Amino acid sequence: MARRDCRACDGTGWKPVEAGGVRCVVRCECQVSERSDQLLRQARIPRRYAQCEFENFDVRKDQATGDANPSLAAARFYAQKFVDEYPTDFGLLFIGPTGAGKTHLAVAVLRELILRRGIEGLFYDFRDLLKEIQDSYNPVSQVSEFRVLQPVIDVEVLLLDELASTSPTEWVKETLHHIINSRYNQKKTTLITTTLPPPRELSDHDRPRTPSGEEIPEVERSLNQFGITLSSRLFEMCKIIEMRSDDYRKAIKQKGIRFKPDCTVNEA
Ligand SMILES: [Zn+2]
């Protein structure tokens, strides 16, 4: 829909241009921006992430050296490259500790694809999605499971946020499997964020190993919780972006909590 008060196109959505002596009409920017606005609304990005962009992603520069955290700088680089190269035949899976900025980068990718490319996208928190599906089983529910799942499966770019579950049930595994497999078969792009469990101090003997004796990396162990089949599918369809950093949110919160300057530790 064009903006009715647009001067460039008189509200028609098409503006006249002249190129090489030939007069023709092109789609007016007011139409493009209205479509982006509409796509952005449909994407259901939560308000707290609405301003997430590549430019305001914090690469946590070291105060002493001024160097960016290499893992976070690399993550941003790959995320931007993904947008530049889109359409790609793979998605992105951001994995790292809580507070590393995984959702920030994933939302930045989604927003760029919507705003710059006019692509349809959808944000879903994994637990919210499961809850909506479960609620649809309620006999008084106005929404069917199909109505909840269909857009999640069909949308061109899906952002599945916080893919995690402590000891997922068979139902959770099956549901996730259905979503991921359907999207894979339709060659749709999926962006995923998932939290890496805090490193466990395992003795050499306890470390999980493949039958041939190789140690299974932490990332893979984390994804294996949803089953080996799903885990290997994710490895096949997504570029894994590992993000390592200190817990950002905790650090920010801690910064605001201070003792009075004259407070000294009583060493007696
Ligand atoms: Zn216009």
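Because the model is predicted, local features were considered at pLDDT of at least 70 and side-chain atom pairs at pLDDT 80 or more, whereas totals for chains, interfaces and linings use all residues. Residues are numbered from 1 along each chain as its sequence is written, and side-chain values use heavy atoms, with hydrogens and water left out.

The protein contains nine helices and seven strands, which are DSSP runs numbered from the N terminus (helices: H or I, at least four residues; strands: E, at least two). Of its 268 residues, 39% are buried, where buried means under 20% relative accessible area, exposed means over 50%, and partly exposed lies in between (1.4 Å probe, protein chains only). Among contacts (heavy atoms within 4.5 Å) between residues at least 6 apart in sequence, 71% join residues at least 24 apart.

The zinc ion is coordinated by the SG atoms of C6, C9, C28 and C30, at 2.3 to 2.4 Å; donors are N, O and S atoms within 2.8 Å of the metal (3.2 Å for Na, K and Ca), and since water is not among the atoms, sites may look incomplete. The angles among the four donor atoms run from 106 to 114 degrees, and the site is tetrahedral, a term that applies to four donors if all angles lie between 85 and 135 degrees. In sequence, the donor residues follow the spacing C-x2-C-x18-C-x1-C. Because C9 lies in the segment before β1 (14-19) and C28 in the loop between β2 (22-27) and α1 (29-42), this pair ties together parts that are 19 residues apart in sequence. Both C9 and C28 are buried.

A search of the whole structure finds six aromatic pairs, where rings of Phe, Tyr and Trp (its six-membered ring) pair if their centres lie within 6.5 Å, with planes under 30 degrees apart counted as stacked, over 60 as edge-to-face and the rest as tilted. The rings of F77 and Y78 have centres 5.6 Å apart and planes at 70 degrees, so this pair is edge-to-face. F77 is partly exposed at 48% relative accessibility, and Y78 is partly exposed at 38%. One aromatic cluster is formed by F82, Y86 and F90.

K239 lies over the face of Y78, at 4.8 Å from the ring centre, and the charged end of R233 sits over the ring of Y184, 3.8 Å from its centre; a charge sits over a ring if NZ of Lys or CZ of Arg is within 6 Å of the ring centre and within 35 degrees of the ring normal.

Note on methods
Tetrahedral: all angles 85-135°; square planar, octahedral: opposite > 155°, others 65-115°.
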